[in-house]
Amino acid sequence: MREIFAGMPWWVKWVAVPVIALVVFGGLIVTVVGIVVTLLFKLLVFVALVGGLIYVVRKFMSSSSSRSDW
């Protein structure tokens, strides 16, 4: 592979080849990035909901345990 690119101008190696790769694999790259962003967003929502649930349960447990009229 090195021998093939050795005689090529710099713009072929650093401009044309990456552009061709983006054209060919662009849809795949966008799909993978979209999946990763979606999973990260869902993970963030999950962590926020679990954290909120833990906060509410602790708040409820501390307020109910302070009452001794049971």
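1. Is Trp-14 buried or exposed? With a relative accessible area of 66%, Trp-14 is exposed, where exposed means over 50%, buried under 20% and partly exposed in between (1.4 Å probe, protein chains only). Trp-14 lies in helix 2, which covers residues 10-66, and its C-alpha atom is separated by 14 Å from that of Arg-2, twelve residues away along the chain.

2. This is a predicted model, in which local features need pLDDT of at least 70 and side-chain atom pairs count only at pLDDT 80 or more, whereas totals for chains, interfaces and linings use all residues. Residues are numbered from 1 along each chain as its sequence is written, and side-chain values use heavy atoms, with hydrogens and water left out.

3. The protein has two helices and zero strands, these being DSSP runs (helices H or I, at least four residues; strands E, at least two) numbered from the N terminus. The protein is more spread out than a compact globule, because its radius of gyration of 27 Å is well over the 11 Å that the globule rule gives for 70 residues; the radius is taken over C-alpha atoms, and the rule is 2.2 Å times the number of residues to the power 0.38. The C-alpha trace spans about 90 × 20 × 15 Å along its principal axes.

4. Ala-6 belongs to helix 1 (residues 2-6) and, at 60% relative accessibility, counts as exposed. Of the 70 residues in the protein, buried ones make up 4%.
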